[in-house]
Amino acid sequence: MTAVSETDRPILGMVAGNERTMMIDAGNSEAHANLFIDLLKEKGVSEPSYVILTHWHWDHIFGLSSLENTVSISSRKTRKEIEKLIPYSWSNEALDQRVAEGTEIEFCANAIKQEFPIHRDIIISLPEMTFEDEIEIDLGGITCIIKHVGGDHAEDSVVVFVKEEKILFLADSIYPDIFSAKDNYTVEGTRNLLRKIEVFDADTYILSHSGIISKKEFQDQANLLRSIADLTEKHRGDSTLMIEDYRKRGNRDLTEEEHETIEYFVSGFELSSSTPN
């Protein structure tokens, strides 16, 4: 199901085996989850047997309360992060206060207000099953491998590999950290993430807010991230030197995406350098 940027609705997916089905992410509201279920019914697909939460961010979990007949699964880290949300109020005043305190970002606060313009009766539901590093689920002729990969966007991120179809749901794992003072990538976080993702022999990759990409497109993205991580380390986060070095390597001017990625790594270097050991 296609992402919606205005209300930060991520892509939702369903993997249908011969015996069971698995929904990937629960949606950013009960309305989002229910719309997805209704669309599945139109295609003759039964309600999900399982739902896997790829990480704790609100847009991937707020719909869980509507999936009453579905077994919910997450990593232990994800469950611990969701538990922290239970005491929160989601009123405009509470959201604005957390933005002012720096414990919430304005983008998410605004998206929550748009997704829940009138009734904001948000119920934080906890996953019923958890795993530590990896779990494999047989849906009947289709196998899903769910693997914790971490990354800068969310340390608890997991990916879902549909083995027989060679499809890898990356969710938000490959995106930058958007919850710090500046959006950022770190050298270590990026390298560790790519090592874990590249283990999977996928032909198709699905990113929660960007869409479906091919193996070649993913490899290009991975090469970009790895190259700029290397330049960040080489030039100690000096953006001028990084841009010039990258321009010489390609013998061309940088694209907007390349400039932005360098900016993210520079921010990550600055943040990590200012953080005491």
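Q: Before we start, what does buried mean here, and what is this model?
A: Buried means under 20% relative accessible area, exposed over 50%, and partly exposed in between, with a 1.4 Å probe and protein chains only. This is a predicted model, where local features need pLDDT of at least 70 and side-chain atom pairs count only at pLDDT 80 or more, while totals for chains, interfaces and linings use all residues. Residues are numbered from 1 along each chain as its sequence is written, and side-chain values use heavy atoms, with hydrogens and water left out.

Q: Why is Thr7 called buried?
A: Its relative accessible area is 13%, and that is under the 20% cut-off, so Thr7 counts as buried. Thr7 sits in the segment before strand E1 (13-16); helices (H or I, at least four residues) and strands (E, at least two) are DSSP runs, numbered from the N terminus.

Q: What does Thr7 touch?
A: Leaving out residues up to four places away in sequence, Thr7 touches Asn28, Trp58, Ala111, Gln114 and Glu115. A contact means heavy atoms within 4.5 Å.

Q: What makes Trp56 partly exposed?
A: Trp56 has a relative accessible area of 23%, which lies between 20% and 50%, so the label is partly exposed. You'll find Trp56 in the loop between strand E3 (50-52) and H2. Beyond four places in sequence, Trp56 touches Ile61, Thr78, Glu81, Ile82, Leu85 and Asp156.

Q: Why does Ile145 count as buried?
A: Ile145 has 11% relative accessibility, under the 20% limit, so buried it is. Ile145 belongs to strand E7 (residues 143-148). Its contacts, not counting residues up to four places away in sequence, include Val159, Val160, Phe161 and Phe200.

Q: How do you know that the buried residues of H5 line one face?
A: In helix H5 (residues 106-115), the buried ones are Cys108, Ala109, Ala111, Ile112 and Glu115. Looking down the axis of H5, these residues fall within an arc of 165°, so they line one face of the helix. The arc is that of the directions from the helix axis to the C-beta atoms. As background, an α-helix has 3.6 residues a turn, so residues three or four places apart point the same way. The cover over the buried residues of H5 includes helix H1 (30-42), helix H2 (58-61) and helix H4 (92-101).

Q: What about H6: why say that its buried residues line one face?
A: Val187, Gly189, Thr190, Leu193, Leu194 and Ile197 are buried in helix H6 (residues 187-197). Their arc, seen down the axis of H6, is within 165°, so they line one face of the helix. Over on the other side of H6, Glu188 and Arg195 are exposed. Strand E9 (167-171), helix H7 (215-234) and helix H9 (256-274) are among what covers the buried residues of H6.

Q: How do you know that the chain agrees with a compact globule?
A: For 277 residues, a compact globule would have a radius of gyration near 19 Å, and the chain has 19 Å, so the two agree. The radius is taken over C-alpha atoms, and the globule rule is 2.2 Å times the number of residues to the power 0.38.

Q: What else describes the whole chain?
A: The chain has 9 helices and 11 strands. Its C-alpha atoms fill a box of roughly 55 × 50 × 35 Å along the principal axes, and buried residues make up 50% of the 277.
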